[in-house]
Amino acid sequence: MLSELRSLLAGEPDPIANAANTAAWLFLRLPRINWAGFYFLHGQTLVVGPFQGQPACTRIPLGRGVCGTAAARNETIVVPDVHLFEGHIACDSASRSEIVVPFTIAGRLAGVLDIDSPELDRFSQPDRVLIEAVAALYAEACASSAPADAGSRASQASPA
Ligand code: SME
């Protein structure tokens with residue numbers, strides 16, 4: 001399954017183009033999801049990037065919601081029931097479970113990949129492994145454009 005995404009990203013370093021195709025590919029290939037997309041770190045704020053699904057909140061401060069918490073900790077968060085996650089930000093009221101995976105470009109946190117499902121406890125351990133691999137593939141494809149694009153944005157976020 002990942003080889004399809006690898007081919008889609010091959011030879012393209014642009015972070016927006018790759019995020020658009022990755023979100024579209026996830027939405028097509030992962031069953032039972034209602035949102036798949038990217039938030040990019042600008043300073044201390046996550047700003048929505050390419051996605052598939054309902055319109056979403058544009059800005060999320062670091063440390064807020066599932067996305068901001070995953071970014072602040074720089075670790076994957078799987079939420080089996082979003083109603084039980086204190087501070088969850090509801091962009092689509094249909095969402096019941098969620099996974100957020102931070103990604104690093106050129107050694108710096110550059111954003112998160114966020115996927116929502118209308119099904120409770122949708123994301124299993126194998127799903128987590130797959131989605132982390134997707135985020136890593138995305139970041140790897142973008143790495144060669146890092147100084148001009150995502151990397152420079154991300155560098156503003158991290159205190160030296
Ligand atoms: N639920 C997220 C907000 C983003 S939307 O799900 C697209 C959160 O709590 O950070």
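Two residues count as in contact if their C-beta atoms, placed from the backbone, lie within 7 Å. In this predicted model, contacts between residues at least 6 apart in sequence were examined, and 57% of them join residues at least 24 apart.

**Overall fold**

The protein has five helices and six strands. Along the sequence they follow the pattern α-α-β-β-β-α-β-β-β-α-α. The radius of gyration is 14 Å, close to the 15 Å that the globule rule gives for 160 residues, so the protein is as compact as a globular protein of that length. Taken along the principal axes, the box filled by the C-alpha atoms is roughly 40 × 35 × 25 Å. Of the 160 residues in the protein, 37% are buried.

| Helix | Residues | Number of residues | End-to-end C-alpha distance | Expected span |
|---|---|---|---|---|
| H4 | 125-142 | 18 residues | 26 Å | 26 Å |

The buried residues in H2 are Pro 15, Asn 18, Ala 19, Thr 22, Ala 23 and Leu 26. They cover an arc of only 130° around the axis, and therefore sit on the same side of H2.

H4 reaches 26 Å from its first C-alpha to its last, close to expectation. Its buried residues are Ile 131, Val 134, Ala 135, Tyr 138, Ala 139, Ala 141 and Cys 142. Viewed down the axis of H4, these buried residues fall within an arc of 165°, so they line one face of the helix. On the face of H4 turned away from that buried side are the exposed residues Gln 125, Pro 126 and Val 129.

**The shell around the ligand**

The ligand is surrounded by 15 residues, of which the closest are Gly 65, Val 66, Cys 67, Ile 89 and Cys 91. By class, the residues of the shell divide into eight nonpolar, four polar and three charged. Helix H3 (65-73) and strand E6 (108-117) each supply at least two residues of this shell. H3 gives the most, with four residues.

Definitions and conventions. Residues are numbered from 1 along each chain as its sequence is written. This is a predicted model: local features need pLDDT of at least 70, side-chain atom pairs count only at pLDDT 80 or more; totals for chains, interfaces and linings use all residues. A residue is near a molecule or strand if its C-beta atom, placed from the backbone, lies within 6 Å of it. Ala, Val, Leu, Ile, Met, Phe, Trp, Tyr, Cys and Pro count as nonpolar, Asp, Glu, Lys and Arg as charged, and the others, Gly among them, as polar. The radius of gyration is taken over C-alpha atoms; the globule rule is 2.2 Å times the number of residues to the power 0.38. A residue is buried if 20 or more other C-beta atoms lie within 10 Å of its own, exposed if 12 or fewer, and partly exposed in between; C-beta atoms are placed from the backbone. The arc is that of the directions from the helix axis to the C-beta atoms. The expected span of a helix is 1.5 Å times one less than its number of residues.
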